[in-house]
Amino acid sequence: MLAPVDDVVAWGESLDQLLECKTGQLVFEDFLRTEYSEENLLFWLACEDYKMTSETERTAAAQRIYTEFVQVDALRQINIDCVTRGEISENISQPGPNCFDRAQRLIYSLMENDCYPRFLKSEIYQALLEQAEQQ
């Protein structure tokens with residue numbers, strides 16, 4: 001996957017820079033898949049989409065996110081504490097626009113402090129950086 005030099009270099013500056021770029025998201029997802037933790041990014045992106053969901057579609061969208069990522073034994077269960085999981089469970093029948101915010105912040109922190117530093121050292125990122133520098 002070829003990405004512009006500026007983008008690839010910017011991804012190394014912060015997780016935010018990486019997540020702001022669609023190509024960066026795809027590369028990071030590929031990396032996370034090698035670590036069996038792509039659910040973190042997919043959940044974070046689903047929460048970003050959820051924030052833009054209209055009120056009429058909110059309940060269905062929240063239920064999809066809950067079923068896929070939050071409920072115990074979900075196909076792509078995210079690693080959050082039981083208090084946060086419980087709060088979401090209690091409010092899922094009438095979800096507000098911010099019902100996933102706490103969980104999203106926890107997952108972002110996990111990615112920023114754990115996955116992202118490993119991504120920067122990964123062969124995937126290092127090869128892209130090398131390619132970009134040769135452009």
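The protein chain has eight helices and zero strands. Helices here are DSSP runs of H or I with at least four residues, strands are runs of E with at least two, and both are numbered from the N terminus. Read from the N terminus, the elements run α-α-α-α-α-α-α-α. This is a predicted model, in which local features need pLDDT of at least 70, side-chain atom pairs count only at pLDDT 80 or more, and totals for chains, interfaces and linings use all residues. Residues are numbered from 1 along each chain as its sequence is written, and side-chain values use heavy atoms, with hydrogens and water left out.

Start with the whole chain. Its C-alpha trace spans about 55 × 30 × 20 Å along the principal axes. Of its 135 residues, 44% count as buried. Buried means under 20% relative accessible area, exposed means over 50%, and partly exposed lies in between, with a 1.4 Å probe and protein chains only. A contact means heavy atoms within 4.5 Å. Among contacts with a separation of 6 or more, 59% join residues 24 or more positions apart.

Next comes the core. The largest nonpolar core has 41 residues. Such a core is a set of buried Ala, Val, Leu, Ile, Met, Phe, Trp, Tyr and Cys residues joined through side-chain atoms within 4.5 Å. Phe-28, Phe-43, Val-70 and Phe-100 have the most contacts inside this core. Helices H1 (5-11), H2 (15-20), H3 (22-34), H4, H5, H7 (101-121) and H8 (123-134) each supply at least two of its residues. The largest share, eight residues, comes from H4.

Now look at H5, residues 55-70. Its buried residues are Arg-58, Ala-61, Ala-62, Ile-65, Tyr-66, Phe-69 and Val-70. Their cover includes helix H4 (38-51) and helix H6 (82-91). Val-70 touches Phe-43, Ile-65, Ile-78, Ile-80, Arg-85, Ile-88 and Phe-100, not counting residues up to four places away in sequence.

How do H4 and H5 run relative to each other? Their axes come within 11 Å and cross at roughly 170°. Axes are lines fitted to C-alpha atoms, for helices over the stretch in contact, and angles run from 0 to 180 degrees between N-to-C directions. H4 and H5 are therefore roughly antiparallel. That term covers angles over 145 degrees; under 35 is roughly parallel, 65 to 115 roughly perpendicular, and the rest oblique. H4 brings Glu-39, Leu-42, Phe-43, Ala-46, Cys-47 and Tyr-50 to the contact, and H5 brings Arg-58, Ala-61, Ala-62, Ile-65, Phe-69 and Val-70. These residues divide into ten nonpolar, no polar and two charged. Ala, Val, Leu, Ile, Met, Phe, Trp, Tyr, Cys and Pro count as nonpolar, Asp, Glu, Lys and Arg as charged, and the others, Gly among them, as polar.

H4 also meets H7. Their axes come within 10 Å and cross at roughly 140°, which makes H4 oblique to H7. The H4 residues in this contact include Asn-40, Phe-43 and Trp-44, and those of H7 include Ile-107, Leu-110 and Met-111. The contact divides into ten nonpolar, two polar and three charged residues.

Asn-40 lies in H4 and is buried, with a relative accessible area of 3%. Beyond its neighbours within four places in sequence, Asn-40 contacts Ile-78, Ile-107, Leu-110, Met-111 and Cys-115. Arg-118 sits in H7. At 35% relative accessibility, Arg-118 is partly exposed. Leaving aside neighbours within four places in sequence, Arg-118 contacts Phe-31 and Glu-35. Arg-118 and Phe-31 are 87 residues apart in sequence, yet 9.2 Å apart in space, C-alpha to C-alpha.
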